[in-house]
Structures are given as C-alpha cells and as structure tokens.
Amino acid sequence: MNTTAIPVARLASVVKRYGALTAVDGLDLMLHRGELLALLGPNGAGKSTAISLLLGLVRADAGQVELFGQDPQQIVARRRIGVMLQSATLPPTLRVGELIRLTASYYPAPRSVQESAALAGVTDLLRRPYAKLSGGQQRRVQFALALCGRPELLFLDEPTVGMDIEARQKLWAAIRHLIAEGCSVVLTTHYLEEAEVLADRVCVMARGKIISEGTVDQLRARVALKRVRCITRLDPAAVSAWPEVAEARREGERLWLSTDSAEALVRRLLDADAQLSELEVQRAGLAEAFTELTREADASADPQREAA
Ligand SMILES: Nc1ncnc2c1ncn2[C@@H]1O[C@H](COP(=O)(O)OP(=O)(O)OP(=O)(O)O)[C@@H](O)[C@H]1O
C-alpha cells in the first residue's frame with residue numbers, strides 16, 4: 001500500500017455534541033504530509049474541539065476521525081505526533097533538560113535534548129526549573145517538548161500567546177524548518193499575521209463548521225474588501241454612513257476605511273474634501289477577510305445550534 005497517499009489527518013462528517021450544544025457540526029478536514037494548515041475562527045468556533053478529536057481526547061458522536069489512517073487512540077498513531085496545547089501542566093520542580101529527556105523517552109526515535117533545545121531556542125534554559133521560567137519561556141519549553149519526539153505531525157494550539165515579537169519570529173522560523181523536513185502542522189491562532197506568514201492553507205471555522213477554506217491569498221480574494229487610507233477633515237461617523245463604506249475609523253490624523261467599491265468611494269472622498277491627501281488603496285489583509293467571513297456566517301447562523 002502507498003502510505004504517503006494516506007492523509008496525515010482526516011475528519012469526515014464529524015459531529016461532536018456537548019449536551020444540547022453542537023461544538024463540531026459535520027466537519028470535513030484533511031491534512032497532507034508537509035502541509036501547514038491554520039484553523040482560524042472566533043472564540044467557541046470549535047477549533048480546539050476539532051484538535052481534541054484528532055488527538056483522541058474526545059470521541060466523535062458521528063463521522064470518522066483518523067490519524068495516519070488509524071484511530072487516534074492507537075498508541076502507534078500517537079507516537080507519531082507532537083502536541084502543544086493551550087494549557088500545559090508540567091512537573092514544576094523538574095529542570096528544562098530533564099523535562100525534554102523524559103518526554104523524548106516516550107518516542108521511538110527522538111531528537112537529542114541539545115537539538116530539541118536549540119530548535120526551540122531554550123538552550124540557555126536547560127538547567128533552570130520549569131516553574132521559575134516566565135510565561136513566554138515556558139511556552140518555548142512546551143514547543144521543545146512538542147518537537148523532541150521527531151513528530152510527523154505537530155499540533156500547535158495558540159503557540160505564541162505570551163511571547164514577545166522576537167520569540168514569536170524565532171518560533172515561526174523553527175516551524176518552517178520542521179515543515180521543510182516534511183513535518184505536517186495543524187495550527188490554531190488568533191494572530192492572523194501568524195497564519196499569513198506560515199500557512200499553506202487556512203480553514204476558517206464558525207459555529208462548528210468550516211465556512212471558508214483556501215490559501216491566504218484565495219481567502220483575501222474571496223472577500224472583495226479593500227482598505228482605503230487618507231488624511232482628511234471628514235468625520236468618520238459621517239463617512240461610515242455612506243453606502244460604499246463597510247467600516248470607518250480614525251487613527252491619528254488618518255481615516256481608515258474598508259470598502260467593496262474602492263473606485264466609487266475614492267471619487268466620493270475627493271468630491272467631499274478637496275484638501276484630502278496621502279490617499280492609499282490596498283487589498284484587505286487576512287484580518288479583514290476573516291472578520292468579513294465570520295460576519296457573513298453569523299448573519300446566516302442556524303439559531304438551533306445553541307438550543308441549550
Ligand atoms: N468539555 C466541554 N463541555 C461543554 N462544552 C464545551 C466543552 N468543550 C467545548 N465546549 C463548547 O464547544 C464550543 C466550541 O469550543 P472550542 O473550545 O472547540 O472552540 P474554539 O474555537 O477552540 O474557541 P477558542 O478560540 O476560544 O479557543 C464552545 O461553545 C464551547 O463552550
């Protein structure tokens with residue numbers, strides 16, 4: 001059998017309910033080797049539940065869940081993954097080096113402690129007790145633990161929360177290194193910039209379903225919004241009432257506008273303020289695309305989902 005053709009992870013028509021609440025509602029998701037999939041969505045969209053299903057931590061009420069073509073509760077499947085969840089409880093008195101050595105011992109062909117520490121940028125912390133580290137340092141250690149088993153699939157649930165920008169960029173570089181080695185990654189994040197920098201594919205979830213899927217560029221293109229910026233005396237409250245304007249706000253001396261009809265808006269702005277200057281028109285970023293997509297999903301929401 002050609003094992004490379006088997007998806008690394010697969011959810012097919014999966015449903016997960018908590019009482020009357022349907023947290024995951026007929027979800028289809030496929031991850032291939034060497035791919036980084038970013039799961040985005042507002043709080044409560046079902047991202048962590050989807051990951052818990054793939055990790056075998058919760059059982060689906062309906063549908064199929066597979067890791068490397070197997071039940072995620074099989075130990076052989078679990079030995080091929082690395083996990084960094086939102087909250088980690090680790091023995092506080094152990095030193096970082098001891099934690100990495102202990103975690104690596106569960107895997108058949110782990111990286112050395114030195115290699116794991118270097119990849120996660122924690123070499124200088126190896127002799128420090130875990131409990132004495134800062135939040136951002138603990139997050140980096142958790143990343144070292146996730147990668148020390150040389151996983152083929154890495155789950156990163158909000159990995160860079162609490163990290164400063166330098167630590168975040170180092171972690172992004174390490175993730176790219178792992179991807180280049182053939183590792184697959186499922187990433188959830190609220191930092192859209194993170195998905196923009198790393199993701200091959202983005203799935204936007206809302207209310208337990210995928211509402212949009214594609215590359216960052218495809219998602220941007222699907223939402224026709226453009227961003228218009230200028231220096232003007234016009235009042236954002238008045239401008240936001242114009243039909244061409246989706247959103248208006250002032251930042252310093254600049255007016256920021258989102259629009260799906262940039263040409264008409266620019267014409268109207270120039271008519272309304274002859275002194276207007278430094279006019280710029282750009283495609284929307286992932287942040288705007290994401291807000292717009294989830295707003296559309298909310299507008300067509302099924303009121304039965306949260307019938308609890
Ligand atoms: N163990 C549980 N018991 C009851 N309800 C739960 C449980 N876990 C999750 N839920 C509910 O399921 C829904 C989806 O939650 P989930 O944590 O998967 O969302 P999320 O997209 O990961 O959100 P966030 O971005 O806030 O982490 C939410 O309404 C949540 O309250």
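Trainee: Where is glutamate 278 found?
Mentor: In this predicted model, glutamate 278 belongs to strand E13, which covers residues 277-283.

Trainee: Is glutamate 278 buried or exposed?
Mentor: Glutamate 278 counts as exposed, because it has 10 C-beta neighbours inside 10 Å.

Trainee: What is phi of glutamate 278?
Mentor: Phi of glutamate 278 is near 50 degrees, which is a positive value in a residue other than glycine. As background, a negative phi is what most residues other than glycine have.

Trainee: What about phi of serine 13?
Mentor: Serine 13 is a residue other than glycine with a positive phi, near 50 degrees. This serine is part of strand E1, residues 9-18.

Trainee: And is serine 13 buried or exposed?
Mentor: Serine 13 is exposed, as 12 other C-beta atoms lie within 10 Å.

Trainee: Let us change topic to the whole chain. How many helices and strands are there in the chain?
Mentor: The chain has eleven helices and 13 strands. Its C-alpha trace spans about 70 × 45 × 40 Å along the principal axes.

Trainee: What percentage of the residues is buried?
Mentor: Of the 308 residues in the chain, 39% are buried. As for contacts, among those with a separation of 6 or more, 68% join residues 24 or more positions apart.

Trainee: Now the helices. Which residues of H3 are buried?
Mentor: Val96, Leu99, Ile100, Thr103 and Ala104 are buried in H3. These residues sit on the same side of H3, because they cover an arc of only 125 degrees around the axis. In general, an α-helix has 3.6 residues a turn, so residues three or four places apart point the same way.

Trainee: What covers the buried residues of H3?
Mentor: The cover includes helix H4, residues 113-120, and helix H5.

Trainee: How do the axes of H3 and H5 cross?
Mentor: The axes of H3 (residues 96-104) and H5 (residues 135-147) come within 9 Å, and they cross at roughly 25 degrees. H3 is therefore roughly parallel to H5. The crossing in which H3 passes H5 is right-handed.

Trainee: Which residues of H3 and H5 meet?
Mentor: From H3, Val96, Leu99, Ile100 and Thr103 meet Val141, Ala144 and Leu145 of H5. The residues of this contact of H3 with H5 comprise six nonpolar, one polar and no charged.

Trainee: And at what angle do H4 and H5 cross?
Mentor: The axes of H4 and H5 cross at roughly 130 degrees and come within 9 Å. The two helices H4 and H5 are therefore oblique to each other. H4 passes H5 in a right-handed crossing.

Trainee: Which residues make the contact of H4 and H5?
Mentor: H4 contributes Ser116, Ala117, Leu119 and Ala120, while H5 contributes Arg140, Phe143, Ala144 and Leu147. By class, the contact of H4 with H5 holds six nonpolar residues, one polar and one charged.

Trainee: Phenylalanine 143 of helix H5 interests me. Is phenylalanine 143 buried or exposed?
Mentor: Phenylalanine 143 counts as buried, because it has 27 C-beta neighbours inside 10 Å.

Trainee: Which residues is phenylalanine 143 in contact with, leaving aside neighbours within four places in sequence?
Mentor: With those neighbours left aside, phenylalanine 143 is in contact with Met84, Ala120, Pro159 and Leu171. Phenylalanine 143 and methionine 84 are 59 residues apart in sequence, and 6.3 Å separates them in space, C-alpha to C-alpha.

Trainee: Where is glutamine 138 found?
Mentor: Glutamine 138 is also in helix H5. It is partly exposed, with 19 other C-beta atoms within 10 Å. If residues up to four places away in sequence are not counted, glutamine 138 touches Tyr130 and Leu133.

Trainee: How far apart in space are glutamine 138 and aspartate 25?
Mentor: Glutamine 138 and aspartate 25 are 34 Å apart in space, C-alpha to C-alpha, and 113 residues apart in sequence.

Technical notes:
Residues numbered from 1 in each chain as written. Predicted model: local features only at pLDDT ≥ 70, side-chain atom pairs only at ≥ 80, totals over all residues. Axes fitted to C-alpha atoms, helices over the stretch in contact; angles between N-to-C directions. Helix = DSSP H or I, 4+ residues; strand = E, 2+ residues; numbered from the N terminus. Parallel < 35°, antiparallel > 145°, perpendicular 65-115°, else oblique. Left-handed = near helix turned anticlockwise from the far one by under 90°. Contact = placed C-beta atoms within 7 Å. Nonpolar A, V, L, I, M, F, W, Y, C, P; charged D, E, K, R; others polar. Buried ≥ 20, exposed ≤ 12 C-beta atoms within 10 Å, placed from the backbone. Arc of directions from axis to C-beta.
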